[in-house]
Amino acid sequence: MPQAIDTVAEALRKAGRILIISGAGLSADSGLPTYRGLGGLYNGHTTEGLPIETALSGNMLRRDPALCWKYLAELGKACQGALPNLAHRIIAALQVQYPGCWILTQNIDGYHLQAGSPPERLIEIHGQLRPLFCPSCGFTSDELDTCLHGPLPPRCEDCGGVLRPSVVLFGEMLPARALQTLQERVDMGFDLVMSVGTTASFPYVVEPLLQVRDAGGFSVEINPERTAISDMVDVHLAMGAVAAFQSLAATIGLVSEISADWFMPAG
């Protein structure tokens with residue numbers, strides 16, 4: 001593994017344009033459950049016997065908002081009780097050192113922003129849990145924390161409609177602006193693409209990896225498990241995100257630029 005870390009570190013040193021693709025595994029070290037990976041909260045079915053994709057769908061929010069919100073609240077409470085971890089913070093520090101470093105995240109926890117990643121180089125392809133908004137009248141609310149512990153579903157103060165988070169539920173379209181930004185960046189090309197903690201089951205994850213491979217760039221996967229892209233990348237680091245980024249930060253000399261307490265568990 002040290003040789004693999006050295007290989008990735010050398011590629012980082014040479015890279016100008018970098019894309020880091022993050023999934024639920026990145027936030028696992030903050031105490032959040034992964035989705036489909038090891039220890040995934042939603043493997044199998046809900047207590048109602050439904051696939052979680054059905055419970056957390058746009059159709060279910062319309063048909064049975066209380067049931068959909070039962071599981072939205074479960075996600076929200078998990079995020080509420082945790083903090084960005086060391087890997088989020090090192091990624092933010094990398095973005096300071098590398099102005100051409102972008103993040104594409106599947107996560108809805110908002111931890112990249114909390115850790116200091118610049119919003120102008122962050123693509124939240126699935127949105128965020130906050131703010132809440134009313135599809136009926138457009139009312140917005142920042143009171144997610146209060147709503148999570150109140151009657152479900154939360155209701156709009158203006159019209160009484162069901163509030164929803166600013167996330168992409170199953171069966172809904174990805175945000176057009178985020179997709180456009182991603183495509184523009186992919187078209188410009190990356191020197192290095194890094195997939196972190198995602199099973200890589202979506203085309204928007206696979207396409208940048210294939211693009212950088214075809215262009216002669218470097219690709220790496222950080223995931224304790226092997227996934228559908230493990231055989232596509234130049235290096236697969238079978239490690240958790242915190243361990244991998246701590247090793248990479250030390251190898252490329254990023255340690256001197258960040259606080260020593262970042263090398264203690266967050267929280």
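Select strand β1 (18-22): Ile18, Ile20 and Ser22 point one way from β1, Leu19 and Ile21 point the other way, and all are buried. Buried denotes under 20% relative accessible area and exposed over 50%, with partly exposed in between (1.4 Å probe, protein chains only). Strands (E, at least two residues) and helices (H or I, at least four) are DSSP runs, numbered from the N terminus.

The model is predicted: local features need pLDDT of at least 70, side-chain atom pairs count only at pLDDT 80 or more, and totals for chains, interfaces and linings use all residues. Residues are numbered from 1 along each chain as its sequence is written, and side-chain values use heavy atoms, with hydrogens and water left out.

**Neighbours of β1**

Two strands count as paired if DSSP finds at least two bridges between them. Within β2, Trp102 is the bridge partner of Leu19. Next, display β7, which also pairs with β1 in the parallel sense over 5 bridges; here Leu192 of β7 stands opposite Ile18.

**Helix α1**

Move to residues 2-14. The buried residues of α1 are Ala4, Ile5, Val8, Ala9, Ala11 and Leu12. They lie on the same side of α1 because they cover an arc of only 160 degrees around the axis, the arc being that of the directions from the helix axis to the C-beta atoms. An α-helix has 3.6 residues a turn, so residues three or four places apart point the same way. Colour Pro2, Gln3 and Lys14 to see exposed residues on the other side of α1. The cover over the buried residues of α1 includes β1 (18-22), β7 (192-196), β8 (218-222), β9 (235-237) and α11 (241-252).

**The largest nonpolar core**

Select Met194, Leu237, Phe245 and Leu248, which touch the most other members of the 37-residue largest nonpolar core. A nonpolar core is a set of buried Ala, Val, Leu, Ile, Met, Phe, Trp, Tyr and Cys residues joined through side-chain atoms within 4.5 Å. The largest share of this core, 7 residues, comes from α11. Centre on Leu237: among the residues it touches, not counting those up to four places away in sequence, are Met1, Ala4, Ile5, Val8 and Val220. Contact here means heavy atoms within 4.5 Å.

**A second core and helix α5**

A second, separate core of 27 residues includes Ala55, Trp69, Tyr71 and Leu144. Finish at helix α5 (residues 65-80), whose buried residues include Leu67, Trp69, Tyr71 and Leu72.
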